Amino acid sequence: MITAIAPTRDNYLTHEYGIKSWLFTQDHKRIALLYLGAISFFFFLGGVFATIIRLELLTPPGDLVSAQTYNKLFSLHGIFMIFLFMIPSIPATLGNFLVPMMIGCKDLAFPKLNLLSWYIFMAGGALVMYAMLVGGVDTGWTFYTPFSTSYANTYVILTATGIFITGFSSILTGLNFIVTIHRMRAPGLTWFRLPLFIWSMYATSVIQVLGTPVIAVTLLLVAVERGFHIGIFDPNLGGDPVLFQHLFWFYSHPAVYIMVLPGMGVISEVISVYSRKKVFGYKFVAFSSVAIAVLSFLVWGHHMFVSSQSVYASLVFSFLSFLVAVPSAIKVFNWTATLYKGSISYDTPMLYAFGFIGLFTIGGLTGTFLATLGFDVHVTDTYFVVAHFHYIMVGGTMMAYLGGLHYWWPKITGRMYPEGWAKLSALVVFLGFNLTFFPQFIMGYLGMPRRYHAYPPEFQIYHVLSTAGASVLAVGYVIPAIYFIWSMRYGKFAPDNPWGATGLEWQTTSPPPPENFEITPVVGYDAYDYSILEEMKVG
Amino acid sequence: MNSGFRLFPEQASTTAQHLDHVTIYLLIVAAFFSTLIFALIFYFAVKYRRRAEHERVVESHGGMTLEIIWTVVPFLLMMVMFVWGANVFFEMSRPPDDAMNVYVVGKQWMWKTQHLEGQREINELHVPLGRPVRLTMTSEDVIHSFYMPAFRVKFDVLPGRYTTAWFNPIKAGKYHLFCAEYCGTLHSGMIGWIYVMEPAEYERWLAGGPAGESLASGGEKLFQERGCANCHLSDKPGRCPNLVGIFGQPVQLTTGQTVKADEAYVRESILDPSAKVVAGYQNIMPSFQGLVTEEDLLQLIEYIKSLAKPQQQAAPPAARAGRKQNR
């Protein structure tokens, strides 16, 4: 039974109808939904590849798919999940939707550029899809040379061009956010009154703008060497194969923080609202995002300890990698301290936040293992690394993304999701995730190399556990997909501020009107000042 | 082999022992912090659960002391990881002087190993127990990575250059050899075995193979066949540098720079002679790119090394000459 009254006010979803009203929209909220649709599709494909990979690894011999197919599957899994899902995930959907709303303005600084970013992203995605359909690519998402430039017989240039194009979407979105956050904050909303989500989006945007051109140039160089045999990376042509790794990781390590910083922003919001407390050490959490953005550019060499890079370079990169762990630790401790003497409720987003902190802690700690020089030599390019980055990206970012989607779902759609199912799926995701990836730490230390189509039988037990976990995890992802779609039509109507949050996005209607706010808000209080809610009621 | 749920791999080299100590420290630190965070979250979540809809919360204000503690303590614990890990890493990157030399050539998708005595193996390597082994490695095509989990040793194998790794086996047995850097279709088939044998057994194995010639004498043959000897062994000054005694010595170049005549330099001088021309000589040597294989190059290097020996033994005291030996 629907008991709440359907909103009668004009909102961004009902303002205009028809396919054109979506494809030519300049409304950041609608563009966020366009992204949501696209990346959900790419995530689904990436998940299908992962499923086949896990099924293949159930038994030691390579018996389900051929070696070449397996190599294409893990390459496409990485390319889809990283470039077409993780990097745009939180910034392009939640970020697009929330940045203008949280700072109290009508739209991003450049609405047309925002729409263009989506089209660029789709063009790049389409090209990667086309490359996949005509034969795929088998270089891994890392495109290491000279394999990718001189030896692979797959669609390297096509795929790289697709990724090259999506990069511009990332750069333009970052630029748009930076300008918006600088120039369009509501009156009274000073930097230290900003929600921490905005700080993390800002730090992310800086990395996107500074880092992405490097991967673009690198992929271009790969295409030039492959297409025109101009020696850059292949020693047979006079190039240097290790140069590629330096260039690639100069972007791709900061890219890890493009993926995880937005998740940290979501967690700061969620932890605060469901504890009804200010985030402990606001400034430390805010500046740790900036510190991460800066340090992330100085640690790329920790991917290359066994690459023949100078041992002294390795020494410096190891030290700097420990430094970048400090701001992450600061965040974890401050989130935990926020809970102290709070008023904690266990709504679904909070369960995801608990999951995030736990899994990110494990991911972060094993990250310090990998920064430890001698240890890294043994486990680099093994399943230990696979487990570590899945703890950060799936255990971290994916949990935050799901938590954030639940948290802002009432605002985005004007409907509530079913709480019982949501809690169940959060639990299933957490259990499934750990069962999938924890055994991979063990098999990695035992020596199981990554990207192996077939493997020695003594590793089977861990692969069986991992595949079992992946099946559970898949169920955990399918349940929300079903009830989110269901709730868009059948969910209870959402009140304007169902969680009792203080952010500006909750002070407008659910779903918001096309221009976000009827009157531009004036901010006279700090973020997460829950006493303001009482005053508002009285006022 | 299918059964057996183990948490630590076989510990079959000195490095493995040293690294596992680091691992135990890492695990203790990780266990401490994850338990701390999990316990605190669980405790707070239960203790401070919302009991009434409009509960009032007392704000706890951020404490500078706390912030400093949880910045400095993890940092110091991490500095222990840094120093200890770096220590093991330096051990890994410095082969002892008395290590026996083995050459490794990687190609899609097999490992070729060569002993100085001339034995060649494919996807296998036999070594004696208790003697450090130094691997000098190169690739014929893409990047590979020579990985022996039981010894905790891994190093990338690159085309166009030589990399080294070493290990000191402390337990006889048969251990996995993997390629750890993705190298194409049959990457997961680029695997093999390392056999660590009792020294006497190893000697028998060395002697038991087909009576091949040593790497150095193979190199000498190539040196004659390819015409290198006409010029590079000549005492007549002018045309090209005499290679006797050159290996391991500094070489003055036409550019004024000085380089050490090591494996990489010799390799480059054969394939791309104009890259580094020795001072006082013309750039007249033709390139041997495409005319010699990676394995030929290794034989030539061993031969040039052997040319160095008589002179070295003659000049410095005998004790030093012994240490310089590479086998």
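Where does Pro146(A) lie? Pro146(A) sits in the loop between helix H4 (111–134) and helix H5 (147–151) of chain A, and a cis peptide bond ties it to Thr145(A), with omega about 0°. This is a predicted model, where local features need pLDDT of at least 70, side-chain atom pairs count only at pLDDT 80 or more, and totals for chains, interfaces and linings use all residues. Residues are numbered from 1 along each chain as its sequence is written, while chains are lettered from A and ligands numbered from 1 in the order in which they are written.

**Chain A overall**

- Chain A comes out with 16 helices and 0 strands; helices (H or I, at least four residues) and strands (E, at least two) are DSSP runs, numbered from the N terminus.
- For 539 residues, a compact globule would have a radius of gyration near 24 Å, and chain A agrees with that at 23 Å. That radius is taken over C-alpha atoms, and the globule rule is 2.2 Å times the number of residues to the power 0.38.
- Along its principal axes, the C-alpha trace of chain A spans about 75 × 45 × 45 Å.
- Of the 539 residues in chain A, 63% are buried. Buried here means 20 or more other C-beta atoms within 10 Å of the residue's own, exposed means 12 or fewer, and partly exposed is in between, with C-beta atoms placed from the backbone.
- Take the contacts in chain A between residues at least 6 apart in sequence: 84% of them join residues at least 24 apart. Two residues are in contact if their C-beta atoms, placed from the backbone, lie within 7 Å.

**Spots to look at in chain A**

- Pro511(A) has a cis peptide bond too, coming from Ser510(A) with omega near -10°, and Pro511(A) is placed in the loop between H15 and H16 of chain A.
- Pro495(A) is in the loop between helix H15 (460–490) and helix H16 (531–538) of chain A. Pro495(A) is partly exposed, because 15 other C-beta atoms lie within 10 Å.
- Pro495(A) and Arg415(A) are 80 residues apart along the chain, and their C-alpha atoms are separated by 8.4 Å.
- Ser471(A) belongs to helix H15 of chain A and counts as partly exposed, with 15 C-beta neighbours inside 10 Å.
- For Ser471(A) and Ala203(A), 268 residues apart along the chain, the C-alpha separation is 35 Å.

**Positive phi and cis bonds**

- As background, most residues other than glycine have a negative phi, and most peptide bonds are trans.
- Asp381(A), not a glycine, has a positive phi near 60°. Asp381(A) lies in the loop between helix H12 (373–379) and helix H13 (383–413) of chain A, and its 23 C-beta neighbours inside 10 Å make it buried.
- Over in chain B, Arg152(B) also isn't a glycine and has a positive phi of about 60°. Arg152(B) is in the loop between E6 and E7 of chain B and counts as buried, with 30 C-beta neighbours inside 10 Å.

**The sheet in chain B**

- In chain B, 5 strands make an open sheet with mixed pairing, in the order E3-E2-E1-E5-E8. Two strands pair if DSSP finds at least two bridges between them.
- Strand E3 (120–122) and strand E8 (163–167) of chain B are the edges, each pairing on one side only.
- Neighbouring strands of this sheet are turned by 25° against each other on average, direction ignored; the axes are lines fitted to C-alpha atoms.
- Strand E1 (residues 100–107) and strand E2 (residues 110–115) of chain B run antiparallel and are joined by 6 bridges. Lys107(B) stands opposite Met110(B) in E2(B).

**Where the chains meet**

- The contact between the chains takes 73 residues from chain A and 71 residues from chain B.
- On the chain B side, H2(B) gives the most, with 16 residues.
- By class, the side of chain B that touches chain A has 42 nonpolar, 17 polar and 12 charged residues. Ala, Val, Leu, Ile, Met, Phe, Trp, Tyr, Cys and Pro count as nonpolar, Asp, Glu, Lys and Arg as charged, and the others, Gly among them, as polar.

Conventions
Axes are lines fitted to C-alpha atoms, for helices over the stretch in contact, and angles run from 0 to 180 degrees between N-to-C directions.
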